[in-house]
Amino acid sequence: MDIKYIDNDIVLKNVKCLDLDLTLDCGQAFRWKKEEDNSWSGVVNGVFLNIKKDGDTFILKNTTKQDFESIWCHYFDFDKDYVEICNRLKQDKLLSPTVDRYYGIRILNQDSWEALCTFVISQQNNIKRIKGIVDRLCQAYGEKVREGWYSFPTAERLSTLTVEDFEKLGTGYRAKYLEQLSKGVARGEIDLQKIKGLPLNEARQELLKIFGVGIKVANCALLFGFEFYDAFPVDVWMKRVMEYYPNGLPKCFEGIEGIAQQYLFHWARNNL
């Protein structure tokens, strides 16, 4: 990857295996918006970004070297060799054509707190409604970053809310989960950084102790917000996929089961 700093933009050349549409709109993150020029806009860690792809070149608009190095490089996982990862996944006969068809899906390294909150909201929900709830949450309780864009509210800010406050945002029965979750994190009773440093099984067990967090939400949060690439979320689609693997997942998935899951999910949605 070649990096050039041009005025207030950062231009990345020779970026392999990153499709913005597939990555930013696949249900792992809920705060990205596609613009009319096919670029994408979003806020991460309180910082706004507009990013556009042109071949294997990516343009990050109005950002700084410091923000690229401290936020965007890690968020988009630019340092990880996804070409090698995809080649490994293609050793599996079922997944090989799917990797080719949907080439460029990455796992975003999201903030643990935001990921856990949004996946609690995602329970029994569709992507459009999830995005709407999260957007209202940010507008009501986040900090304004620029016109129309807000940071994700902190646990401390949300810990001051009541169940009724969360219900007004359209969270439904999830309101009581969010109320207790935000208070637990704000008080330090739930230590997300500590969980991030545990082995996968221990981290999962810690998340499962949280009121309203079941196995699917725990695995999604671990994969998308705690950098456990071996976490493997299972929903109704993945249960159908697992029928094709009666002896378990193949060895070539080892350590990157979560990335394989994203490709398997796309295969399931289009073939089952």
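Helices (H or I, at least four residues) and strands (E, at least two) are DSSP runs, numbered from the N terminus, and contact means heavy atoms within 4.5 Å. The model is predicted, so local features need pLDDT of at least 70 and side-chain atom pairs count only at pLDDT 80 or more, while totals for chains, interfaces and linings use all residues. Residues are numbered from 1 along each chain as its sequence is written, and side-chain values use heavy atoms, with hydrogens and water left out.

**Helix H12 and its partners**

- The axes of helix H11 (residues 200-208) and H12 come within 9 Å and cross at roughly 125° (axes are lines fitted to C-alpha atoms, for helices over the stretch in contact, and angles run from 0 to 180 degrees between N-to-C directions).
- H11 and H12 cross in a right-handed sense (a crossing is left-handed if the near helix is turned anticlockwise from the far one by less than a right angle, and right-handed if clockwise).
- From H11, Leu200, Ala203, Arg204, Leu207 and Leu208 meet Ile215, Ala218, Asn219, Ala221 and Leu222 of H12.
- This contact of H11 with H12 comprises eight nonpolar residues, one polar and one charged; Ala, Val, Leu, Ile, Met, Phe, Trp, Tyr, Cys and Pro count as nonpolar, Asp, Glu, Lys and Arg as charged, and the others, Gly among them, as polar.
- Helix H5 (residues 112-121) also has its axis within 9 Å of that of H12, crossing at roughly 150°, and H5 and H12 are therefore roughly antiparallel.
- In that contact, Ser112, Ala115, Leu116, Phe119 and Val120 of H5 meet Val217, Cys220, Ala221, Phe224 and Gly225 of H12, giving eight nonpolar, two polar and no charged residues.

**Helices H3 and H14**

- The axes of helix H3 (residues 82-89) and H14 come within 11 Å and cross at roughly 65°; the two helices are therefore roughly perpendicular.
- Tyr82, Ile85, Cys86 and Leu89 of H3 make the contact with Ile259, Ala260 and Tyr263 of H14, and these residues divide into seven nonpolar, no polar and no charged.

**Pockets and cavity**

- On a 1 Å grid over the protein atoms alone, a cavity is a set of points where a 1.4 Å probe fits but cannot get out, and a pocket is an open set with protein on both sides within 12 Å along at least five of seven lines; lining residues have an atom within 4 Å of a point.
- The largest pocket has a volume of about 640 Å³ (grid points are joined across faces, edges and corners, and a volume is the space filled by probe spheres set on the points).
- Of the 25 residues lining the largest pocket, Ser122, Asn125, Lys216, Asp235 and Phe265 lie nearest its centre.
- H6 (127-141), H12 (215-225), H13 (236-241) and H14 (257-271) each supply at least two residues of that lining.
- The second largest pocket has a volume of about 290 Å³, and among its 16 lining residues Phe30, Arg31, Lys33, Asp135 and Trp149 are the closest to its centre.
- H6 gives the most to the lining of the second largest pocket, with six residues.
- The structure holds one cavity of 30 Å³ or more, and the largest cavity has a volume of about 80 Å³.
- Residues lining the largest cavity include Phe30, Arg31, Trp32, Tyr75 and Glu114.

How values were computed
Angles under 35 degrees count as roughly parallel, over 145 as roughly antiparallel, 65 to 115 as roughly perpendicular and the rest as oblique.
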